[in-house]
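Subject: Structure handover

Hello,

Here is the structure for your files. My notes on what was found follow below it.

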Amino acid sequence: MMVFSTHVLDGTTGTHAAGVPVTVAAILPSGERRILFSGKTASDGRAGAELENPFTGSSRVRSDYEVVFEIGAYFSGHGNIPTAGDQAGKEVQMTELVFRARIPRTSRRFHLPVIMSPFAGSAWWSR
């Protein structure tokens with residue numbers, strides 16, 4: 001088992017981002033994506049779970065994962081968020097932040113802190 005956790009912050013308000021849909025998928029050697037976790041961040045902006053290891057028995061030394069944050073769903077509920085049209089004359093807003101990582105199979109825990117806005121996102125891995 002591997003433990004996944006995240007802490008999402010709303011960069012427009014400087015607060016925890018509650019209710020952000022998060023999905024973690026393993027990317028199998030065939031290219032198929034197997035959903036390992038799907039949920040929403042809690043009131044403190046955090047989400048996490050123990051994940052099954054779909055690569056058991058595989059000869060691969062590293063495993064590929066994808067983490068998707070549905071930021072459009074989060075920001076659509078916040079009417080005070082400016083649109084890119086306010087800045088650049090175009091209606092542009094990010095709908096998802098997608099992070100893909102190749103994680104050594106020896107890792108048992110990974111944490112992905114995220115700071116997001118309707119126009120950008122930043123993340124980093126930690127243990």
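A polar contact is a pair of N or O atoms within 3.5 Å; within protein, one of them must be able to donate a hydrogen and the other to accept it. In this predicted model, a polar atom of the Ser 76 side chain lies 3.0 Å from the backbone oxygen of Ala 73. Ser 76 sits in the loop between helix H1 (71–75) and helix H2 (85–88). With a relative accessible area of 61%, Ser 76 is exposed.

On confidence: the average pLDDT of the chain is 82, and 78% of the residues score at least 70. Where pLDDT is low, the predicted coordinates should not be read in detail.

On aromatics: there are five aromatic pairs. In one of them, Phe 4 and Phe 110, the ring centres are 5.2 Å apart and the planes are at 55°, so the pair is tilted. This pair links distant parts of the chain, with Phe 4 in strand E1 (residues 2–10) and Phe 110 in strand E8 (residues 109–116), 106 residues apart. Both Phe 4 and Phe 110 are buried. Tyr 74 and Phe 75 make an edge-to-face pair, at 4.9 Å centre to centre and 80° between the planes. Tyr 74 is buried at 7% relative accessibility, and Phe 75 is buried at 2%. One aromatic cluster is formed by Phe 4, Phe 37, Tyr 65 and Phe 110.

Regards

Conventions: Residues numbered from 1 in each chain as written. Heavy atoms only, no water. Helix = DSSP H or I, 4+ residues; strand = E, 2+ residues; numbered from the N terminus. Buried < 20%, exposed > 50% of the residue type's maximum accessible area, 1.4 Å probe, protein only. pLDDT = per-residue confidence, 0-100. Phe/Tyr/Trp six-rings, centres within 6.5 Å; stacked < 30°, edge-to-face > 60°.
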